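Here are my notes for someone opening this model for the first time. Please read them with the structure in view.

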Amino acid sequence: VQLQASGGGLVQAGGSLRLSCATSGRTSRMNTMGWFRQAPGKERQFVATLSRNSNTYYADSVKGRFTISRDNAKNTVYLQMNSLKPEDTAVYYCAATYYGASSSSEDYDYWGQGTLVTVSS
């Protein structure tokens with residue numbers, strides 16, 4: 001299983017970005033896709049998950065602003081980020097697991113390389 005994250009960039013506070021996570025390989029066995037982020041000098045932080053049954057779960061800090069979704073035909077998972085804040089600045093990683101939704105990065109088996117999101121004030 002390979003994951004390729006893209007779509008990061010520089011945006012002003014209040015703006016929007018859409019991150020993409022292209023998947024390849026034996027992704028049909030993956031039950032849950034997730035997004036995490038890591039700001040400089042901080043630990044990796046949970047952002048959102050999307051399960052095979054389409055259940056979603058968000059960190060409180062992004063609830064109502066971010067939306068996780070997928071396009072099965074394109075084997076791609078998205079993270080739509082609206083109303084961005086400077087504190088959203090981080091490297092964003094997509095991840096996949098065989099198991100159910102989890103906010104712990106330790107439960108994920110596969111990771112993309114990360115894409116940098118910078119939100120200016």
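1. Start at Thr76. A polar atom of its side chain lies 2.8 Å from the backbone oxygen of Lys74. A polar contact is a pair of N or O atoms within 3.5 Å; within protein, one must be able to donate a hydrogen and the other to accept it, and residues adjacent in sequence count only if both atoms are side-chain atoms.

2. A word on the source. This is a predicted model, with local features needing pLDDT of at least 70 and side-chain atom pairs pLDDT 80 or more, while totals for chains, interfaces and linings use all residues. Numbering runs from 1 along each chain as its sequence is written, and side-chain values use heavy atoms, without hydrogens or water.

3. Thr76 belongs to strand β8, residues 76–81. Strands are DSSP runs (E, at least two residues), numbered from the N terminus. Thr76 counts as buried at 10% relative accessibility; buried means under 20% relative accessible area (1.4 Å probe, protein chains only).

4. Now the sheet. It is open, with four strands in the order β1-β3-β8-β7 and antiparallel pairing. β1 (2–6) and β7 (66–71) are at the edges, each with a single partner strand, so one side of each lacks a neighbour in the sheet. Strands pair if DSSP finds at least two bridges between them; β1 and β3 (residues 17–24) have five. Ala5 is opposite Cys21 in β3.

5. Cys21 also forms a disulfide with Cys94, the sulfur atoms 2.2 Å apart (the cut-off is within 2.5 Å). Cys21 lies in β3 and Cys94 in β9 (residues 90–97), so the pair ties together parts 73 residues apart in sequence. Cys21 is buried at 0% relative accessibility, and Cys94 is buried at 1%.

Terms used. Buried < 20%, exposed > 50% of the residue type's maximum accessible area, 1.4 Å probe, protein only.
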